[in-house]
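Let's take a friendly walk through a protein model. Have a look at the sequence and the 3D view first, then read on.

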Amino acid sequence: MFAYVVKRLLAGVLVLFLVSMSIFLLFWYGPNEPARVMCDTKTSNRCNAERLDRFTEELGYNNAWYAEYGDYVKGVFVGRDITVAAQTTRCDAPCFGLSYKNGKPVWEDMKDRLPATFSVAIGGATLYLLLGVPLGVAAARRRGTVQDKALVSSFLFLSSVPYYLFALLTWLFFSLKWEVPIIGNTGYVPFTDSPTGWFGGLALAWICLGIFGCTQYTRYARGAMVEALSEDYIRTAKAKGLPTRTVVYKHGLRAALVPIVTIFGIDFGTLLAGTIFTERIFDIEGIGLWSLRAVIQRDLPIVSATALFSAVVLILANLIVDLVYSVLDPRVRLS
């Protein structure tokens with residue numbers, strides 16, 4: 001087990017290295033002038049060719065790319081000093097550079113937005129499982145019945161609706177038209193400031209993510225349970241006279257959870273990487289909305305930082321999923 005974890009961690013470090021280098025090179029050789037945004041910001045949109053050359057030199061875009069990439073990686077671990085417009089700013093580790101728009105270290109803005117994204121992801125992912133898995137198990141136990149067909153058909157119809165449209169309609173009706181108390185006031189409020197405001201501001205986002213996500217998890221759970229209940233060991237357990245609940249939930253569900261955990265790990269990692277539509281519609285200042293604005297404003301240090309954060313989250317999520325396999329299904333052996 002220990003050797004497997006070490007091997008996966010080393011593979012994850014290699015993936016992060018390749019991702020970071022790819023992003024760096026895309027920005028370095030991209031069609032846009034990376035220094036243009038910083039030049040416009042510092043000169044109040046009076047950037048001329050001479051000023052642009054000066055900012056290009058200060059930001060290091062006239063140097064060799066591998067030297068600047070080395071400074072970037074070094075800054076992530078130990079920090080670095082960055083000089084722009086004759087002003088030197090200390091960027092403490094982890095340093096992902098300075099924002100081209102406000103000149104602040106990217107990590108300072110990122111850590112302020114992480115709690116909002118974590119809150120959205122945890123609440124939505126919890127509803128994924130609490131709604132989707134029980135409904136899928138219930139449908140599998142009633143396979144072929146009217147209830148099963150009605151549930152699968154209704155969820156297929158709901159999942160065919162684009163998520164952004166579903167979330168937008170939810171916000172328009174519950175928040176704008178009906179002004180539902182507590183949950184109608186969307187937006188992120190820190191839990192330490194107001195637990196009620198925290199819950200009310202995120203409730204609609206959780207409901208949208210939970211309902212829309214549970215349609216997929218109901219189908220996943222149903223298919224996995226139907227397959228698990230047809231296995232030989234399930235028939236043996238029934239022949240031994242074990243109670244139906246024990247057969248279904250102790251033996252069948254445990255095996256059925258293995259593929260569900262795989263999908264859930266990736267989905268949860270994606271949620272943590274930033275739920276752009278959810279945060280944009282419900283006015284939640286999280287990683288997703290922040291990265292969207294950075295792309296529009298061509299704020300390259302923020303874009304690269306959010307891309308690296310997404311890679312870290314997905315790598316860790318996949319590692320945790322692989323480790324959970326051996327707990328859920330003893331047939332799975334890590335090597």
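## Before we start

This is a predicted model, where local features need pLDDT of at least 70, side-chain atom pairs count only at pLDDT 80 or more, and totals for chains, interfaces and linings use all residues. Residues are numbered from 1 along each chain as its sequence is written, and side-chain values use heavy atoms, with hydrogens and water left out.

UniProt, in an unreviewed entry, marks "transmembrane region" at residues 9–29, 116–138, 150–176, 196–215, 255–282 and 302–328. Its positions are given in the numbering used here, feature names are shortened, and annotations may be inferred rather than shown by experiment.

Take two of these spans. Residues 9–29 are 95% helix and 0% strand, with end C-alpha atoms 30 Å apart. Residues 116–138 are 100% helix and 0% strand, and their end C-alpha atoms lie 34 Å apart. Helices (H or I, at least four residues) and strands (E, at least two) are DSSP runs, numbered from the N terminus.

## A helix with a bend

Helix α5 covers residues 106–141, which is 36 residues. From first C-alpha to last it reaches 51 Å, close to the 52 Å expected at 1.5 Å a residue (the expected span is 1.5 Å times one less than the number of residues).

Where does α5 bend? The spot is arginine 113, with a bend of about 35°, and proline 115 follows within four residues. The bend is the angle between axes fitted to the seven residues ending at a residue and the seven starting there.

## Charged pairs

Side chains of opposite charge can pair when their charged atoms come close. A salt bridge here is a side-chain nitrogen of Lys or Arg within 4 Å of a carboxyl oxygen of Asp or Glu, and the count comes to six.

One of them joins arginine 222 and aspartate 148 at 2.8 Å, N to O. Arginine 222 sits in helix α8 (residues 195–229) and aspartate 148 in helix α6 (residues 146–159), so this pair ties together parts 74 residues apart in sequence. Aspartate 148 is buried at 4% relative accessible area, while arginine 222 is partly exposed at 22%. (Buried means under 20%, exposed over 50%, partly exposed in between, using a 1.4 Å probe and protein chains only.) Lysine 104 and aspartate 109 also pair up, at 3.2 Å, N to O; lysine 104 is partly exposed at 34% and aspartate 109 is buried at 7%. Finally, Asp81, Arg90 and Asp92 are linked in a network of salt bridges.
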